[in-house]
Amino acid sequence: MDPAYANGETRRADAVLRDVAGGGNGRDRGLPGDAQMKASEDKPRRNRAVFRLLRLPLGVIAAMAILGVVLVYLAAPLNIAARIGPYPGVAWVLHTYMKQWARNWSYWVEKPDYVDLSNPALVRLGAGYYETGCAACHGAPGRERNPLVRLMEPAPPSLASEEVANFSDKELYWIVWNGVRYTAMPGWTGDNRQDEVWAIVAFMREYGAIAPRDYVRLAYGEVQPKGLGGGGAMSFGGLDDRLDKTVQDCARCHGRDGMGRDGTAPKLAGQTHEYLAATLDGYASGKRASGIMQPIAAPLSGDEVERLAAHYADLPSRAVASEAQAPARAAADVPDGALVALGQRIAAEGDPDRFVPPCGACHEGSGAVRPRAEYPRIAGQDSRFIEAWLRLYRDGPAGGTDFAEVMHVSAQGLTDRQIKALAAWYSSRPYDAQAGAVEQARSGDAAAAPPY
Ligand code: HEC
Ligand code: HEC
Ligand code: HEC
């Protein structure tokens, strides 16, 4: 750089500073360079100088502001007592904002096509869950909200209101899946289990039309407690009091016979002790994600899990009996025979091009090869349940027992259509198709161990 110019720069800067500080005499104003350029070059420098001057007063103001906030915080002049209710208008603003948030953010929500909100089994499951997970705050058909709950701020509204009826399916889904921050409304507990929330939506859609008596029937099935207008608890012979109570709760969704109340929940009767116990442990620890089963399984003691597993594993005979009323349908009898036939083929042969193994090899065994006791029975389960889990194994981690990884690998290559086909095939099979096979495997020789 030209030293003369550099020199001019410093001198000019000094002059500006002096001017701003009021000490300049303007002597240096006529320095080299034309007037226009000088003006534009001087501007940033002048700003910097102004800032340096104001630094002190600005700092004092900021410090006083912070001190003020701290003092207000310590004095706590705003009364936030729930008892006196909200400041006028605040509840309205928050609630209106919540509705707008649900409307905007639920725009992208998509209901999976295998979920049919008018499916009575889904409404029953929603009611069953609602009774344990929501009714304590929101009340239920025929049951008012507890006065204690009404003191929450904001208070949980009754879901019978016109306003709830005006929410779209997607908005209800969004609210239940996410919960509402800074209110008591919790989010859904099962990671990755968005699919489960649709059962609650199915129930809430019907809410206004459900009579109190019907609600109890939906949520409790055959085991209706006396206090709620039912005939009183039914005892399961042979179980001690405490387990008896627990099994009555399970029966609300899984049925007294462990056959799942017609698609409300998966069938448990005759599943192996090993699988049932490991899966209950998985729910309790969160290793198998489910917003419905985790809160139910988490409080069970190790001893209870063992005894519940033994109870359901011992129920195969009833399973066979109730399956007799709904005999397996041949591929030709069901609406989409081609789909069922495709499912049957993959179950038997897999799809080598897509690295899908034959499902039967693990789930049914064949000939001398029998299923391991840790592998669940899937034939005869409801198609919605089978499809949901095949998608979960394929698309996202939803966990399971220590053996869940083999299922994640097996499902990786499945297309949507193949998943539908497998759900159609397996749900059309009798539930007892595998009965006995596992028993043989347990007592059988080591050579008959399955290949996986
Ligand atoms: C611990 C109490 C609590 C539980 C449990 C609870 N909620 Fe809520 N819920 C609330 C509160 C409080 C609000 C009000 C939030 C607001 O106004 O922003 C609310 C709001 C809602 C709304 C919006 C209603 C409206 O009119 O704005 C729906 C729908 C809802 N809850 C459904 C459910 C369902 C379904 C469950 C069970 C899965 C559930 N809630 C569990 C407390 C609860
Ligand atoms: C509110 C309804 C409801 C209640 C009550 C309930 N369950 Fe479940 N249960 C379900 C649903 C829904 C599933 C499927 C969850 C999933 O997708 O993993 C399930 C799954 C299970 C499974 C895994 C089945 C399989 O094939 O993978 C077991 C085991 C189980 N429940 C046992 C119990 C026991 C024991 C109780 C009582 C302590 C109980 N459940 C109470 C709804 C319920
Ligand atoms: C290598 C053995 C193996 C193969 C092959 C296999 N599975 Fe599985 N499957 C399992 C195991 C083990 C589980 C239990 C996983 C867990 O703990 O969550 C399971 C679980 C399932 C479940 C969930 C059942 C329930 O009650 O929760 C379904 C549905 C299922 N498999 C369907 C299939 C289909 C359809 C195929 C063929 C594409 C298949 N499986 C291939 C081993 C296998």
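Let's start with helix 9 and what its buried residues pack against: helix 4, helix 7 (162–166), helix 8 and helix 18. Helix 9 itself spans residues 194–206 and is mostly covered, with 10 of its 13 residues buried. Those buried residues run from Asp 195, Glu 196, Val 197 and Trp 198 through Ala 199, Ile 200, Val 201 and Ala 202 to Phe 203 and Met 204. Please keep in mind that this is a predicted model.

Two of those partners come back when we turn to the ligands. Helix 4 (120–133) is one of the elements that supply at least two residues each to the shell around ligand 2, along with helix 11 (241–254) and helix 12 (273–285). Helix 11 gives the most, 6 residues. In total 21 residues surround ligand 2, and the closest are Gly 128, Cys 250, Cys 253, Ala 265 and Pro 266. By class, that shell holds 14 nonpolar, 5 polar and 2 charged residues.

Now over to ligand 3, which has 25 residues around it. Which of them come nearest? They are Cys 359, Cys 362, Gly 400, Thr 401 and Phe 403. The shell around ligand 3 divides into 19 nonpolar, 4 polar and 2 charged residues.

Next, a helix pair I'd like you to look at on the screen. Helix 16 (residues 337–349) packs with helix 20 (residues 416–428) at an angle of about 90 degrees, their axes 7 Å apart. So helix 16 is roughly perpendicular to helix 20. On the helix 16 side, the contact includes Leu 339, Val 340, Leu 342 and Ile 346; on the helix 20 side, Leu 422, Trp 425 and Tyr 426 are among the residues involved. The contact has 10 nonpolar, 4 polar and 1 charged residues.

Finally, a word on confidence. The chain has a mean pLDDT of 82, and 77% of its residues reach 70 or more. Where is confidence highest, and where is it lowest? Helix 8 (residues 169–178), one of the partners of helix 9, has the highest mean, at 97, while helix 21 (residues 437–443) has the lowest, at 46. Over residues 1–6 the pLDDT is below 50, and that stretch has 1 contact beyond near neighbours in sequence. Residues 319–333 also stay under 50, yet the model gives them 26 contacts beyond four places in sequence. Where pLDDT is low, the predicted coordinates should not be read in detail.

Conventions: Residues are numbered from 1 along each chain as its sequence is written. Chains are lettered from A and ligands numbered from 1 in the order in which they are written. This is a predicted model: local features need pLDDT of at least 70, side-chain atom pairs count only at pLDDT 80 or more; totals for chains, interfaces and linings use all residues. A residue is near a molecule or strand if its C-beta atom, placed from the backbone, lies within 6 Å of it. Ala, Val, Leu, Ile, Met, Phe, Trp, Tyr, Cys and Pro count as nonpolar, Asp, Glu, Lys and Arg as charged, and the others, Gly among them, as polar. Helices (H or I, at least four residues) and strands (E, at least two) are DSSP runs, numbered from the N terminus. pLDDT is the predictor's confidence in each residue, from 0 to 100. Two residues are in contact if their C-beta atoms, placed from the backbone, lie within 7 Å. Axes are lines fitted to C-alpha atoms, for helices over the stretch in contact, and angles run from 0 to 180 degrees between N-to-C directions. Angles under 35 degrees count as roughly parallel, over 145 as roughly antiparallel, 65 to 115 as roughly perpendicular and the rest as oblique. A residue is buried if 20 or more other C-beta atoms lie within 10 Å of its own, exposed if 12 or fewer, and partly exposed in between; C-beta atoms are placed from the backbone.
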